[in-house]
Amino acid sequence: EPNLTPTAFKWLIMSGSGMGKSSFLASLLNILIVDPDNGCQALPGYVLQVRDWTDCKELLKELRKPNTLEAYSWIGLDLLNVMYEFCYAHECKRLGVVYPSDLEGGKARGKGWAIITKEFIGWLRDMGNLGLPLIGTCHVNMVEVSIKARTFNKAVVSFPGGSATSTFQK
């Protein structure tokens with residue numbers, strides 16, 4: 001039988017700014033909230049500030065140490081958008097480029113983006129494998145799409161990229 005309790009899953013909460021994502025995280029008992037933008041400091045619970053990608057990587061090393069997570073029942077990553085921007089900036093600097101598409105004089109055909117994606121997804125996977133339920137939050141942009149003459153609103157995650165409405169462009 002599959003385990004269908006809420007703690008058996010990794011969660012992603014997506015919404016616009018100010019909709020209560022952080023407050024929801026803070027309402028969970030014994031949650032460790034990782035906060036990259038000082039947006040959770042007034043909330044109850046244990047909030048750990050990260051300032052850049054190096055902090056994110058160091059946090060993972062610390063959380064892997066024995067008995068570090070005994071006091072917690074959940075890990076909350078609030079906001080994944082900002083953590084991705086940390087990774088983006090760190091990897092671009094490491095690669096010696098301003099934009100991922102600049103790698104190898106613009107001839108790398110997506111290699112820069114692949115490096116950033118691999119680094120971020122690897123870190124996120126490792127955070128999710130620490131043995132506690134993981135809840136990430138992220139901002140989204142609402143985009144209008146038309147399918148067969150019907151109009152719908154679609155939530156699109158606000159990660160850096162080429163979109164005029166991406167986090168990177170703001």
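Tutor: Buried means under 20% relative accessible area, exposed means over 50%, and partly exposed lies in between (1.4 Å probe, protein chains only). By that rule, buried residues make up 38% of the 170 residues in this chain. The model is predicted: local features need pLDDT of at least 70, side-chain atom pairs count only at pLDDT 80 or more, and totals for chains, interfaces and linings use all residues. Residues are numbered from 1 along each chain as its sequence is written, and side-chain values use heavy atoms, with hydrogens and water left out.

Student: Why is Y88 called buried?

Tutor: Its relative accessibility is 7%. The limit is under 20%, so Y88 counts as buried.

Student: What makes W113 partly exposed?

Tutor: W113 has a relative accessible area of 28%. That value falls between the 20% and 50% cut-offs, so W113 is partly exposed.

Student: Why do Y88 and W113 count as a tilted aromatic pair?

Tutor: Rings of Phe, Tyr and Trp (its six-membered ring) pair if their centres lie within 6.5 Å; planes under 30 degrees apart are stacked, over 60 edge-to-face, the rest tilted. The whole structure has six such pairs. For Y88 and W113 the centres are 5.6 Å apart and the planes make 50°. Therefore they pair, and the pair is tilted. Y88 sits in helix α3 (residues 80-95) and W113 in helix α4 (residues 111-128), 25 residues apart. Elsewhere, ring pairs join W53, Y84, F120 and W123 into a cluster.

Student: How do you know that R51 and D55 form a salt bridge?

Tutor: The rule asks for a side-chain nitrogen of Lys or Arg within 4 Å of a carboxyl oxygen of Asp or Glu. The closest N and O atoms of R51 and D55 are 3.6 Å apart, so the pair qualifies.

Student: What makes R64, R125 and D126 one network?

Tutor: D126 bridges R64, with the closest N and O atoms 3.0 Å apart. That pair links distant parts of the chain: D126 lies in helix α4 and R64 in the loop between α2 (53-63) and β4 (74-78), 62 residues apart. D126 also bridges R125, at 3.2 Å. Salt bridges that share partners join the three residues. R125 itself is partly exposed, at 48%. In total, the structure has eight salt bridges.

Methods: Helix = DSSP H or I, 4+ residues; strand = E, 2+ residues; numbered from the N terminus.
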